[in-house]
Amino acid sequence: MAEHRKTHCKHGHEYTEENTYVTPQGARKCRTCEKLRWKVKEDKRRAERKTDLKRLQQERQRLLYEQALASVRRAEGMATDARAESRAAWQVLSTDPTPEARQEAIESALDHRFQVEVLQARRRVLADIPKPKPEATAA
């Protein structure tokens, strides 16, 4: 059957003046079908963007957690080093009770206390970040 003689599209919509679009090549298209096709396409795009956004948010969350965890580990190392320096300074003070040795012991003890406070603060930050779920592997 010739295209121009058809009164309805293949989905049963009538070719009326309001419902028919004529392409520059002269082909007729059903506006109702075109709108439905566009809506399906747009819904698919939205779903893909939503999935992409969710994946990006999960990746951001994972990176944030890893950075906070690395920060805690660095602070643990610094606190351990400061503790060792503090102990060494106090041991020197027990054998050399000069004002300089006393000042060094006090400063190292304060530095150790500061490093412990930094570590505690970083642990609190890490505790506030939800631990990321492990990614599911494709079977």
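At 25% relative accessibility, Thr16 counts as partly exposed, a class lying between buried, under 20% relative accessible area, and exposed, over 50% (1.4 Å probe, protein chains only). The model is predicted, and local features need pLDDT of at least 70, side-chain atom pairs count only at pLDDT 80 or more, and totals for chains, interfaces and linings use all residues. Residues are numbered from 1 along each chain as its sequence is written, and side-chain values use heavy atoms, with hydrogens and water left out.

Thr16 lies in the segment before β1 (20-22); strands (E, at least two residues) and helices (H or I, at least four) are DSSP runs numbered from the N terminus. Between Thr16 and Arg122 the separation is 106 residues in sequence and 69 Å in space, C-alpha to C-alpha.

Helix α2 holds Gln115, which is buried, with a relative accessible area of 9%. Apart from neighbours within four places in sequence, Gln115 is in contact (heavy atoms within 4.5 Å) with Met78, Ala79 and Ala82.

Glu107 is also found in helix α2, but is partly exposed, at 43% relative accessible area. Together with Asp81, Glu85, Glu104 and Asp111, Glu107 forms a negative surface patch. Patches are made of residues with over 30% relative accessible area and no salt bridge, like charges being joined within 9 Å and nonpolar side chains (Val, Leu, Ile, Met, Phe, Trp, Tyr) within 5 Å. A salt bridge is a side-chain nitrogen of Lys or Arg within 4 Å of a carboxyl oxygen of Asp or Glu. Both α1 (31-95) and α2 (99-128) supply at least two residues of the negative patch, and the largest share, 3 residues, comes from α2.

Key
Accessible areas come from the Shrake-Rupley method with a 1.4 Å probe; for residues, only the protein chains shown count as cover. Lys and Arg count as positive and Asp and Glu as negative; His and the chain ends are not counted. The place of a charge is taken as NZ of Lys, CZ of Arg, CG of Asp or CD of Glu.
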